[in-house]
Amino acid sequence: MKDALLKLLIQVISEQTGLNIREQDRDKFIETVSARIRFLKLSSSEEYYHFFKKDNKSKIEWQEITKCLTTGETYFFRDRGQFSLLKFSILPELIELRKGRRALRIWSAGCSTGEEAYSIAILLNELIPSIKDWDILILGTDINEDALKKARRGYYRDWSFRMVSEDIKKQWFRKAKEGWRLNKDIIEMVKFESVDLINDKFKCSYHFLHNFIPILA
Ligand SMILES: C[S@@+](CC[C@H](N)C(=O)[O-])C[C@H]1O[C@@H](n2cnc3c(N)ncnc32)[C@H](O)[C@@H]1O
């Protein structure tokens, strides 16, 4: 790939996806773009660059290239610091603030396969004794539709529990085939929607997103 075109592609893809493609990411970037060119049966990188100008097709390609260039790495209670802060400070404060209205909206932006959103639902269950009397919605959004499909299933393999104690696993999940199925009450607290954080301007069906407390990771 010619250097000038590579720079142009990096520029246009960075602007659209919000990804910072560094010098050390270039080889992976070229590999990924080459794989997309082969997949789309295009003849050159120039053609791929111009492909983005065709509006209807390029929207899907933005999602595909973002999927290829990002990692969906996630597991339950992944970021210890973040979850400690949520458990001991942020969520108790929010619960205290909202105890009059008994309503909470939390948004896991970039939720991948849902472990973060469900971890928050589990925490809320631990923190609110009368949770059935509350109106709670946790919204998980991601650009990756395949990840969202997995999230909606609420079924996870052992790898998703690498930081989780057996107690939590036994309390909120039941063994199902080779994995673990999440308790129905927890699944019902979380909804998943496809949102591209850079390009979508939040046109998802939750028009009241301004009421959400975002958790970004
Ligand atoms: C490393 S995962 C983090 C998952 C989870 N938040 C956690 O911390 O465990 C990052 C997620 O962000 C998503 N993502 C990246 N760019 C995005 C964008 N522009 N819009 C929406 N989601 C995006 C990826 O698809 C990926 O699933």
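I started with Glu-126, which is partly exposed because its relative accessibility is 36%; here buried means under 20% relative accessible area, exposed over 50%, and partly exposed in between, with a 1.4 Å probe and protein chains only. This is a predicted model, so I kept in mind that local features need pLDDT of at least 70, that side-chain atom pairs count only at pLDDT 80 or more, and that totals for chains, interfaces and linings use all residues. Residues are numbered from 1 along each chain as its sequence is written, and side-chain values use heavy atoms, with hydrogens and water left out.

I then looked up what Glu-126 pairs with, and found a salt bridge to Lys-87 at 3.9 Å, N to O. For the term I used a side-chain nitrogen of Lys or Arg within 4 Å of a carboxyl oxygen of Asp or Glu. Glu-126 sits in helix α6 (residues 115-127) and Lys-87 in helix α5 (residues 80-98), so this pair ties together parts 39 residues apart in sequence. Helices (H or I, at least four residues) and strands (E, at least two) are DSSP runs numbered from the N terminus. Lys-87 is partly exposed, at 33%.

My search of the whole structure gave 17 salt bridges. Among them is Asp-133 with Arg-102, whose closest N and O atoms are 3.5 Å apart. That pair links distant parts of the chain: Asp-133 is in the loop between α6 and β2 (135-142), Arg-102 in the loop between α5 and β1 (103-109), 31 residues apart.

I also noted Arg-105 and Asp-135, which meet at 3.0 Å, N to O. Here strand β1 holds Arg-105 and strand β2 holds Asp-135, 30 residues apart. Arg-105 counts as buried because its relative accessible area is 17%, while Asp-135 is partly exposed at 40%. One more entry for this page: Glu-64, Lys-67 and Asp-146 are linked in a network of salt bridges.

Lys-41 is in the loop between α2 (26-39) and α3 (45-51), and is exposed with a relative accessible area of 73%.

**Helix α6 again.** I returned to helix α6 for Ala-121, which is buried at 0% relative accessibility.

**Cysteines.** How many disulfides does the structure hold? I found zero, taking a disulfide as a pair of cysteine sulfur atoms within 2.5 Å. Cys-111 is buried at 1% relative accessibility, whereas Cys-68 is partly exposed at 31%.

**A charged patch.** Last, I looked up a positive surface patch formed by Lys-149, Lys-150, Arg-152 and Arg-153. Patch residues have over 30% relative accessible area and no salt bridge, and like charges are joined within 9 Å (nonpolar side chains, Val, Leu, Ile, Met, Phe, Trp and Tyr, within 5 Å). Arg-152 is found in helix α7 (residues 145-153) and is partly exposed, at 42% relative accessibility.

How values were computed:
Areas by Shrake-Rupley, 256 points an atom, 1.4 Å probe, with all protein chains shown as cover. Lys, Arg positive; Asp, Glu negative; His and termini not counted. Charge placed at Lys NZ, Arg CZ, Asp CG, Glu CD.
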